[in-house]
Amino acid sequence: MNSSTPAPKKNSFFGSTVFSRGSYAEALRIGEILRKETVGGALLVIAAVIALIWANSPASDSYFALRDFKVGYEPWHLELSLGAWAADGLLAIFFFLVGLELKREFVAGDLRQISKSIVPVAAAVGGVAVPAVIYAVVNLASPETLRGWAIPTATDIAFAVAVLAIIGSHLPSALRIFLLTLAVVDDLIAITIIAFFYSSDIQVVPLLLALIPLALYAFLAQKFRRFFGLHAAAAWLLLLPLGAVTWALVHASGIHATVAGVLLGFAIPVIRSQASGGPEAGPGLAEIFEHRFRPISAGVAVPVFAFFSAGVAVGGWAGLGSALTDPVALGIILGLVLGKPIGILATTWILTKATRATLDSSFKWIDVFGVALLAGIGFTVSLLVAELSFGNGSVHDDHAKVGILAASLIAALLATAVLRTRNRQYRLAEELEKVDTDHDGVPDVYQDRA
């Protein structure tokens, strides 16, 4: 496409292009997020490796003593181990960012358009359903282990992007956008699963009480969005205490406390207020908060959770063999390594055939396959669901962690093998993007602006 012949606008998904580059602003925003996730992914991997080495060293007792050390106020049901604080508390920050990203995508991002959202949404659903079915089939004879059916359904975007950075991949912007939106929808499904299938003994009173600080939090964020956008300290002094009370009450209700993080993220307005010049004047409060808090999530919350969650005493080669032959680990490995790419690729292929849609000219089906393999890296949310399924430190939980780590490593290696061979084509596509124009006629000088 050249600058004199802009692409015609598509009002229908039928016969359109799937995995298109999207808007220029969206491509820049996605690039910014992925750069931050690259650093977070590297820290995540480092934290997990340190935990594994420590948990299998002669000093392993000190690791487990640290993980199980309890702090907090018991009358409020908040005397938790450090590992539980990481899973319930720090991951709430991660899910707060997920809530912000989800709302922004569906309110102001490319996913608000059905023609652009149908493929990543459907692919994410396929990438969740097929691994869950595979795990269930492998564990059908054991009702106890069947509880872990949701473990292989999640994609860890930070880990996946770290792999892309390590192999030096130059994925076309259309595929980068697809990978992130796929992970965002994947997170939405994971949140729903946690809320409905991994919450027990629901206490109605704390849950109803949580609505009070949540409503006040939402009112303040909506009413004074310009104030909170201009004064960073105000959010810490006014919104943070209300968010903490909401989190504590949701935790006391029996619903997993990370759901509170998502609700708090949903409460933040996406569109810039008219007092600040309206939507065209700049980013809304959700995007401002995303920039402020993503470094805390990617640089602290998720790596600390990985450190306390990934440490499992394998027990040498014999223990590793025993763990990998457990139906729990086997179901997870097959689900992530086979189920994820099959679900994503098959769903996407069926959609293109049913709607006569075509792929963007910058890549081929082998590239979609490579991204689908990359989506098999399930780490942060998978580890959380494993703990919710079997209890932290149980035999099944340990075997699940071994399965998650093994599957993520295999998926990363397979994705590397596929995507590295395509780097030359990706660089050519990147060069074209620098001189091409997007659908609105804005120069796609991504390298200069990103």
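## Charged pairs

Asp-68 comes out as partly exposed because its relative accessibility is 38% (buried means under 20% relative accessible area, exposed over 50%, and partly exposed in between, with a 1.4 Å probe and protein chains only). Its salt-bridge partner is Arg-67, with the closest N and O atoms 3.1 Å apart (a salt bridge is a side-chain nitrogen of Lys or Arg within 4 Å of a carboxyl oxygen of Asp or Glu). Arg-67 is buried, at a relative accessible area of 6%. Before going on, please note that this is a predicted model, in which local features need pLDDT of at least 70, side-chain atom pairs count only at pLDDT 80 or more, and totals for chains, interfaces and linings use all residues. Residues are numbered from 1 along each chain as its sequence is written, and side-chain values use heavy atoms, with hydrogens and water left out.

A search of the whole structure turns up 7 salt bridges. One of them pairs Asp-186 with Lys-340, where the closest N and O atoms are 2.6 Å apart. Asp-186 sits in helix α7 and Lys-340 in helix α14 (residues 327-355), so this pair ties together parts that are 154 residues apart in sequence (helices are DSSP runs of H or I with at least four residues, strands are runs of E with at least two, and both are numbered from the N terminus). Both Asp-186 and Lys-340 are buried. Elsewhere, salt bridges that share partners join Glu-101, Glu-290 and Arg-294 into one network.

## Helices and their covered sides

In helix α2 (residues 60-68), the buried residues are Ser-60, Tyr-63 and Arg-67. Viewed down the axis of α2, they fall within an arc of 60 degrees, so they line one face of the helix (the arc is that of the directions from the helix axis to the C-beta atoms). In general, an α-helix has 3.6 residues a turn, so residues three or four places apart point the same way.

Tyr-63 also meets Ser-309: leaving aside neighbours within four places in sequence, Ser-309 is in contact with Tyr-63, Leu-383, Glu-387 and Lys-401 (contact means heavy atoms within 4.5 Å). Ser-309 belongs to helix α12 (residues 285-310) and counts as buried, at 1% relative accessibility. Helix α15 (residues 365-374) is mostly covered, with 7 of its 10 residues buried.

## Nonpolar cores

The largest nonpolar core has 85 residues, and those touching the most other members are Phe-95, Ile-151, Ile-332, Leu-374, Ile-377 and Phe-379 (a nonpolar core is a set of buried Ala, Val, Leu, Ile, Met, Phe, Trp, Tyr and Cys residues joined through side-chain atoms within 4.5 Å). Helix α7 (residues 173-197) supplies the largest share of this core, 14 residues. Apart from it lies another core of 20 residues, among them Leu-220, Ala-234, Ala-235 and Leu-242.

## A nonpolar patch outside

On the surface, Leu-216, Phe-219, Phe-224, Phe-227, Trp-236, Leu-237, Leu-238 and Leu-240 form a nonpolar patch with about 810 Å² of accessible area together. Patches are made of residues with over 30% relative accessible area and no salt bridge, like charges being joined within 9 Å and nonpolar side chains (Val, Leu, Ile, Met, Phe, Trp, Tyr) within 5 Å; accessible areas come from the Shrake-Rupley method with a 1.4 Å probe, and for residues only the protein chains shown count as cover. Helix α10 gives the most to the patch, with 4 residues. Leu-216 is found in helix α8 and is partly exposed, at 41% relative accessibility.
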